[in-house]
Amino acid sequence: MSDPATSTVIAATLTGATLFGAVTQTDYGIIFGAFAGAVYYVATASDVPLFKRACYFMTSFLVGVLGAGIFGDRLASWTGYNKQTLAPLAAVIVSALAIKWLAWLNSQSPADWIARFKGGGNG
């Protein structure tokens with residue numbers, strides 16, 4: 001059973017996403033696709049502090065909305081599918097990949113990266 005506070009937060013952000021789509025005149029498929037991609041990680045990461053999860057969510061959601069058109073066109077050209085736009089699917093993929101990339105980047109040590117660039121790393 002899910003935590004009532006988590007369900008309330010998800011409902012509030014879904015309402016916010018709907019209002020965002022209405023105000024900006026963005027396709028609802030893209031809005032809900034980006035929302036689903038952003039929730040993919042945020043709802044399952046219980047060991048991450050709430051503020052950091054909120055920042056991950058907002059960044060992932062915005063990247064999903066902004067990158068959906070470009071990646072949707074790229075998906076259509078790769079697959080040859082032209083019956084309808086693939087932007088909503090692209091929004092899910094882009095926002096999920098963005099949050100996974102952000103989480104990976106946050107887990108890296110800057111000292112290790114500096115050592116790699118200086119030539120002292122192992123890989």
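**View 1. Ser60 in helix α3.** Ser60 is a residue of helix α3, which spans residues 50-79, helices being DSSP runs of H or I with at least four residues, numbered from the N terminus. The model is predicted, with local features requiring pLDDT of at least 70 and side-chain atom pairs pLDDT 80 or more, whereas totals for chains, interfaces and linings use all residues. Residues are numbered from 1 along each chain as its sequence is written, and side-chain values use heavy atoms, leaving out hydrogens and water.

**View 2. The surroundings of Ser60.** Ser60 counts as buried because its relative accessibility is 0%, where buried means under 20% relative accessible area with a 1.4 Å probe and protein chains only. Leaving aside residues up to four places away in sequence, Ser60 touches Gly37, Ala38, Ser95, Ala96, Ala98 and Ile99, a contact meaning heavy atoms within 4.5 Å. With Ser95, a polar atom of the Ser60 side chain lies 2.4 Å from the backbone oxygen.

**View 3. The protein chain around this site.** The protein chain holds 5 helices and 0 strands, in the order α-α-α-α-α along the sequence. Of its 123 residues, 29% are buried, and among contacts with a separation of 6 or more, 56% join residues 24 or more positions apart. The C-alpha atoms fill a box of roughly 50 × 45 × 25 Å along the principal axes.

Definitions and conventions
Helix = DSSP H or I, 4+ residues; strand = E, 2+ residues; numbered from the N terminus. Buried < 20%, exposed > 50% of the residue type's maximum accessible area, 1.4 Å probe, protein only. Polar contact = N/O pair within 3.5 Å; in protein donor to acceptor, adjacent residues only side chain to side chain.
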